[in-house]
Amino acid sequence: MRILISGFGTVGQGFADVLLKRSDLFRERYGREVSIVCVMDSTTYIADQTGLRLGDLLERKKVTGKVGNDKYSDSTEVIDSVDYDLMVEVSPTDIKTGGVGLKNIRHALGSGKDVITVNKGPLALNFCELVALAKKNGCKFRFEGSVGGAMPIINLCRENLVGERISSIRGILNGTCNFILSKMDNGQPFEQALKEAQQMGYAETDPTNDVEGYDSACKVVILANSIFGRNVRFSDVNITGITSISSEAISLAASQNMVIRLIGEVSEDRLEVSPRLISKGHPLSIGGTLNAAQIVTDLAGPITVSGRGAGRIETASAILSDLVSIMDDRKERGGKCQKK
Ligand code: HSE
């Protein structure tokens with residue numbers, strides 16, 4: 001399996017780290033390690049068809065801030081110059097236009113390559129187009145880490161719960177807001193809690209996307225399209241963020257044994273992100289940066305999952321699970337991990 005990594009920020013580097021940590025898994029399961037043939041960051045790239053040394057790349061990025069010596073102006077020219085089987089697209093999220101991530105995913109799927117991404121912008125804006133493109137070209141397109149980071153939800157619903165009728169998913173889908181709200185539960189002002197979330201690296205580059213509910217709304221769109229088979233876009237979600245939640249509202253909720261949490265909800269006829277009152281002790285009353293989701297099914301009843309919604313290694317663990325799934329599938333179909 002020859003992999004091209006598009007994006008070498010927090011998640012891209014985390015993925016490189018995870019591959020190093022799990023080289024034995026690939027050797028034992030497939031008889032060989034995966035080969036990284038190209039890595040691009042926002043301005044530079046490095047490529048080697050015989051396989052790059054991930055440890056060296058991580059070191060160079062740390063020391064110089066760049067992954068390669070060669071600069072590029074058009075990402076698709078770099079992509080076309082490499083022989084690869086699968087793209088891991090983890091460039092920064094742009095939820096207004098889809099950004100370079102959308103361009104790169106389109107390009108890879110259009111060329112018949114498998115893609116794994118955690119990039120929410122392209123998925124929230126162009127989900128159905130990208131899925132159709134993957135289908136047309138016989139490619140795998142997986143995105144488990146785009147919702148809830150390490151918390152299993154998309155593949156859980158699509159694979160393990162495939163026989164269920166899922167009527168709704170309600171969840172805490174943004175760690176930054178949950179962190180802020182739980183700090184406010186303890187009397188900390190909003191601005192101070194947000195600053196702390198930024199310092200700890202949970203918040204998006206532009207934290208407006210977190211606190212106004214836009215990041216959660218992207219995840220609601222991804223869940224609606226991938227699990228409920230809907231064809232919705234970011235603009236279809238009713239969004240209210242947490243910026244107008246006052247300390248008084250938090251205290252009033254506490255006096256009634258409740259907390260306020262930012263909840264994303266998807267069902268057949270509902271797409272919403274809004275602050276809600278949740279009873280203390282309810283599975284969605286969790287604190288800190290955790291994500292959680294309650295999936296309501298007809299046969300199994302309600303199922304609750306929870307886990308770390310962000311983080312370098314945590315998000316990369318979801319990419320690893322998508323990669324293993326694609327490699328297993330290729331192994332089953334052809335006994336090989338390289339596409340013919
Ligand atoms: N800013 C996001 C969060 C990162 O706080 O949950 C993961 O999507």
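**View 1. Helix H11 within the predicted model.** In this predicted model, H11 is largely enclosed by the rest of the structure, because 13 of its 14 residues are buried. The helix reaches 20 Å from its first C-alpha to its last, close to the 20 Å expected at 1.5 Å a residue. Glycine 229 follows H11 and has a positive phi, near 65°.

**View 2. The residues around the ligand.** The ligand is surrounded by Lys120, Asn174, Gly175, Thr176, Tyr202, Glu204, Asp210, Asp215, Lys219, Gly309 and Ala310. Sorted by class, this shell holds five charged, four polar and two nonpolar residues.

View 3. The side chain of lysine 120 places an N or O atom 2.8 Å from an oxygen atom of the ligand. For threonine 176, an N or O atom of the side chain is 2.6 Å from a ligand oxygen atom.

View 4. A nitrogen atom of the ligand is 2.8 Å from an N or O atom in the side chain of aspartate 210. On its own, the ligand has 260 Å² of accessible area, of which the protein covers 90%. Helix H8 (175-185) and helix H11 (214-227) are the elements that give two or more residues to the shell around the ligand. The H11 shown here is the helix of View 1, with 13 of 14 residues buried.

Notes: Residues are numbered from 1 along each chain as its sequence is written. This is a predicted model: local features need pLDDT of at least 70, side-chain atom pairs count only at pLDDT 80 or more; totals for chains, interfaces and linings use all residues. Side-chain values use heavy atoms; hydrogens and water are left out. A residue is near a molecule or strand if one of its heavy atoms lies within 4 Å of it. A polar contact is a pair of N or O atoms within 3.5 Å; within protein, one must be able to donate a hydrogen and the other to accept it, and residues adjacent in sequence count only if both atoms are side-chain atoms. Accessible areas come from the Shrake-Rupley method with a 1.4 Å probe; for residues, only the protein chains shown count as cover. Helices (H or I, at least four residues) and strands (E, at least two) are DSSP runs, numbered from the N terminus. Ala, Val, Leu, Ile, Met, Phe, Trp, Tyr, Cys and Pro count as nonpolar, Asp, Glu, Lys and Arg as charged, and the others, Gly among them, as polar. The expected span of a helix is 1.5 Å times one less than its number of residues. Buried means under 20% relative accessible area, exposed over 50%, partly exposed in between (1.4 Å probe, protein chains only).
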